[in-house]
Amino acid sequence: MFCYQCEQTAKGSGCTVGGVCGKNPQVAALQDMLTYAVIGLGQVAHAARQKGVIDPEVDRFVCAGLFATLTNVDFDPDRFVVWIGQAVALRKALAQKAGVGPLPGPASFEPAADVAGLEAQSKIWGFAPLEGQDPDARSLIHLTIFGLRGVAAYADHAAILGQEDPELYAQIHAALAATQDTTLGAAELTALALKVGEINLRAMELLDAGNTGRFGHPVPTSVPLGHKAGKAILVSGHDLEDLAQLLEQSAGKGIFVYTHGEMLPTHGYPELKKHPHFYGHYGTAWQNQGKEFPEFPGAILMTTNCIQRPKGDTGEKIFTTGLVGWPGVPHIAEGPGGKKDFGPVIEKALALPGFAADEDKGSVMVGFARNAVLGVADKIIEAVKSGAIKHFFLVAGCDGAKPGRNYYTEFVEKTPADTVVLTLACGKFRFFDKNLGDIGGIPRLLDVGQCNDAYSAIQIAVALAGAFNCGVNDLPLSMVLSWYEQKACAILLTLLHLGIKGIRLGPSLPAFISPNVLKVLVDNFDIKPISASADEDLKAILG
Ligand code: FSO
Ligand code: SF4
């Protein structure tokens, strides 16, 4: 196997004997071949569109197929074998329907009949370096593919909420097809990667419309970190629709529902928080599930990514849904009309002991998405003008297991009292429970939401720039980002597409960025790695 798509890749260069994430060589090979098959489907879908033939099933499948290969989403080999077959069948049917002639590369891929054969094929068409390959072209193409995996995750979530845009699908297919265009040089491939950032902005916009349209705009909300005596269900991931359906089905049963990881900000959505049994937040970020899940006395539902090998008794109480999968873990499939039956999760929660007594462990605030923040824009602008707020930091991105991530805790702790920290995604768990106080009633730590709510943070930054009649780069705003998986790549590409300069990125730089590509990013966007010391970076930023 060869996989280097995420930040925890072995030795900072690539997982070759087994994934640090728990992905085994067989699943890695199957994911590579699903990606290859989906690129081929994208090539044909792109060509079919030029002939006016659009297939909504293909549009959805391309996104689901890419999303399934994102880090920590699906580890179930059986599902990948099925999806590879589906991708090729959809491709052939569409080519025939649209009269698309034979296309080269992935578009003419014939999958091997068995897993061993697919594994052999992945050695040729996977991500491992090949002899004679141009390292910069390879780097840019892989950056594009990994970015598209992130885009696909958001597009899939948005589609679940009824938000789709044929133009978004067209651009995803065009970008997939472009990865196979051997005539593109470094400049065109760089433009292609940045185009993925533009595509991602639209995907996040659609998801924002889906989430706020269905569940209302988040409002500032205090979320307990403790628990109530009673049966319990823990929901992790990013899918608000799954959470909503689970809340409806578990109402009135003496069960309290808790969030884990990226689900925390959902407590701010009016249509979710209206459920009295939607109680609080349990635990921290995804990489701590090995310790936190065995200690949870109820059922656990993983709605999107960041599942790890179940430890302790977790295997007996965990369920997956959507594209998440782990071999042997029960999966809640989608029924007609997008309805899911979470009965097995509820029954499991009722069979488990639950929490014996109430426990108060304090609380955190969520709900500072664009509507809430821009609702007090006058107050914020006044505070900046009066000098009460000197600087904004966006400290955002993923969490992970590396000790170097303590940098982000230290950074936030050391931000001066006249600065405001906006945060989003699971990297916040490094500091989410710190009490930074407020500036004239404006909390100094504002949780904008999930990683996809980078859309919201961008809207806030653009609105502030508008109010001060300047560009986003001219605002007293610095971005200090942490990455782990491919949605973070997509978001980074979006920020670069928007021309944001001076981003600090850590805890380490992607293994798939070649030295020359890094130089282009540094020269054009002044992107820099975080330094070893938060103090030093703060000093450099605040000058
Ligand atoms: Fe974290 Fe995982 Fe949201 Fe990522 S839960 S690491 S960027 O998947 O998705 O922030
Ligand atoms: Fe390794 Fe990350 Fe790939 Fe998992 S997703 S195999 S940890 S590079």
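Modeller: What follows goes through helix packing, then a loop residue, then cysteines. This is a predicted model, in which local features need pLDDT of at least 70 and side-chain atom pairs count only at pLDDT 80 or more, while totals for chains, interfaces and linings use all residues. Residues are numbered from 1 along each chain as its sequence is written, chains are lettered from A and ligands numbered from 1 in the order in which they are written, and side-chain values use heavy atoms, with hydrogens and water left out.

Biologist: At what angle do helix 1 and helix 6 pack?

Modeller: Helices (H or I, at least four residues) and strands (E, at least two) are DSSP runs, numbered from the N terminus. Axes are lines fitted to C-alpha atoms, for helices over the stretch in contact, and angles run from 0 to 180 degrees between N-to-C directions. Angles under 35 degrees count as roughly parallel, over 145 as roughly antiparallel, 65 to 115 as roughly perpendicular and the rest as oblique. Here helix 1 (residues 25-50) packs on helix 6 (residues 166-178) at about 120°, with the axes 8 Å apart. The pair is therefore oblique.

Biologist: Which residues of helix 1 and helix 6 meet?

Modeller: Contact means heavy atoms within 4.5 Å. From helix 1, V38, I39, G42, Q43, A45, H46 and R49 meet P166, Y169, A170, H173, A174, L176 and A177 of helix 6.

Biologist: How does helix 5 lie against helix 6?

Modeller: Helix 5 (residues 135-160) packs against helix 6 at about 160°, and their axes are 12 Å apart. That makes the two roughly antiparallel. On the helix 5 side, L148, V151, A155 and A159 meet L168, Y169, I172, A175 and L176 in helix 6.

Biologist: Is T266 buried or exposed?

Modeller: Buried means under 20% relative accessible area, exposed over 50%, and partly exposed in between (1.4 Å probe, protein chains only). T266 has 0% relative accessibility, so this residue counts as buried. T266 sits in the loop between strand 3 (255-259) and helix 9 (270-273). Apart from neighbours within four places in sequence, T266 contacts L240, L243, T259, L272, F278 and Q450.

Biologist: How many disulfides are there?

Modeller: A disulfide is a covalent bond between the sulfur atoms of two cysteines. The rule applied is a pair of cysteine sulfur atoms within 2.5 Å. By this rule the count is zero. As for burial, C398 counts as buried at 9% relative accessibility, and C426 counts as buried at 7%.
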